[in-house]
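This report concerns one protein chain.

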Amino acid sequence: MTVKKIEIERLSVTSSKPFAAVVDAIKARVGRPDMIEFARSIRGVRSFDELERTVSAGLGKTGLMLFMEFDQGAVLRKESGRDAPKMVRLLIGNPLVMKEMAKHVPDAGTYAPVTILVDERPDGVHLSYDRMASFLAPYGNADALAVARELDSKIETLLRESAV
């Protein structure tokens with residue numbers, strides 16, 4: 001068994017917009033394919049070109065898609081009996097981007113799709129993201145890092161635009 005220490009860079013943006021408006025803004029910028037149908041389609045493709053077309057059809061204008069949404073706030077609210085806190089974890093990415101990182105650093109598959117956490121706090125709605133490049137930096141692969149930095153840029157733009 002080996003253990004690798006990784007230093008993470010967390011990007012956080014705070015918005016004065018209502019929680020639901022922030023979440024809706026993120027969702028409006030990413031593709032939202034039916035994941036059951038998407039998985040079925042991916043399994044059925046016969047070539048890489050067909051795979052690329054299938055993935056591309058599910059992407060939003062950011063080149064990203066929503067894989068899953070977890071309402072973590074629902075669990076927290078059950079204990080308190082109140083309507084707060086509001087917190088969702090969104091798994092967002094692009095399988096073709098993951099492929100480009102994982103072919104150089106297989107462990108990249110551990111981190112993709114990425115997590116965006118949106119949570120409501122007293123000072124506003126926080127959008128948080130752990131940079132992919134920080135996960136992959138210890139592996140020292142320039143090709144994977146270049147792809148990771150491009151992904152980080154897309155996610156950071158998504159967060160900034162969704163927060164305003």
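The account below moves from helices to loops and then to individual residues.

The model is predicted: local features need pLDDT of at least 70, side-chain atom pairs count only at pLDDT 80 or more, and totals for chains, interfaces and linings use all residues. Residues are numbered from 1 along each chain as its sequence is written, and side-chain values use heavy atoms, with hydrogens and water left out.

**Helix packing**

Two packed helices are described by the angle between their axes and the distance between the axes. Helices (H or I, at least four residues) and strands (E, at least two) are DSSP runs numbered from the N terminus. Axes are lines fitted to C-alpha atoms, for helices over the stretch in contact, and angles run from 0 to 180 degrees between N-to-C directions. The axes of helix α3 (residues 48-58) and helix α5 (residues 95-102) cross at roughly 130 degrees and come within 9 Å. On the α3 side, the contact (heavy atoms within 4.5 Å) is made by Phe-48, Leu-51, Glu-52 and Val-55, and on the α5 side by Pro-95, Leu-96 and Lys-99. By class, five residues of this contact are nonpolar, none polar and two charged, where Ala, Val, Leu, Ile, Met, Phe, Trp, Tyr, Cys and Pro count as nonpolar, Asp, Glu, Lys and Arg as charged, and the others, Gly among them, as polar.

**Helix α7**

Helix α7 (residues 142-163) has 22 residues and should span 32 Å at 1.5 Å a residue; the end C-alpha atoms are 31 Å apart, which agrees. The expected span is 1.5 Å times one less than the number of residues. Buried residues (under 20% relative accessible area; exposed is over 50%, partly exposed in between, with a 1.4 Å probe and protein chains only) of α7 are Ala-144, Leu-145, Ala-148, Leu-151, Asp-152, Ile-155, Glu-156, Leu-158, Leu-159, Ser-162 and Ala-163. They cover an arc of only 155 degrees around the axis, and therefore lie on the same side of α7; the arc is that of the directions from the helix axis to the C-beta atoms. The face turned away from this buried side carries the exposed residues Ala-142, Arg-149 and Glu-150.

**Cis peptide bonds**

A cis peptide bond joins Ala-84 and Pro-85, with omega about 5 degrees. Pro-85 belongs to the loop between α4 (72-80) and β3 (87-93). Ala-112 and Pro-113 are likewise joined by a cis peptide bond, with omega about 5 degrees, and Pro-113 lies in the loop between α5 and β4 (114-121).

**Selected residues**

| Residue | Relative accessibility | Class |
|---|---|---|
| Thr-2 | 76% | exposed |
| Ala-28 | 58% | exposed |
| Lys-27 | 15% | buried |
| Asn-94 | 10% | buried |

Thr-2 is placed in the segment before β1 (10-15). Between Thr-2 and Asp-71, 69 residues apart in sequence, the C-alpha to C-alpha distance is 33 Å.

Helix α1 (residues 19-29) contains Ala-28, and Lys-27 is also found in α1. The C-alpha atoms of Ala-28 and Thr-62, 34 residues apart along the chain, are separated by 9.8 Å. Lys-27 is 9.1 Å from Ser-162, C-alpha to C-alpha, although 135 residues separate the two in sequence. Not counting residues up to four places away in sequence, Lys-27 touches Arg-32, Leu-66 and Glu-69.

Asn-94 sits in the loop between β3 and α5. With the same exclusion of residues up to four places away in sequence, Asn-94 touches Val-55, Leu-59, Gly-63, Leu-64 and Phe-67.
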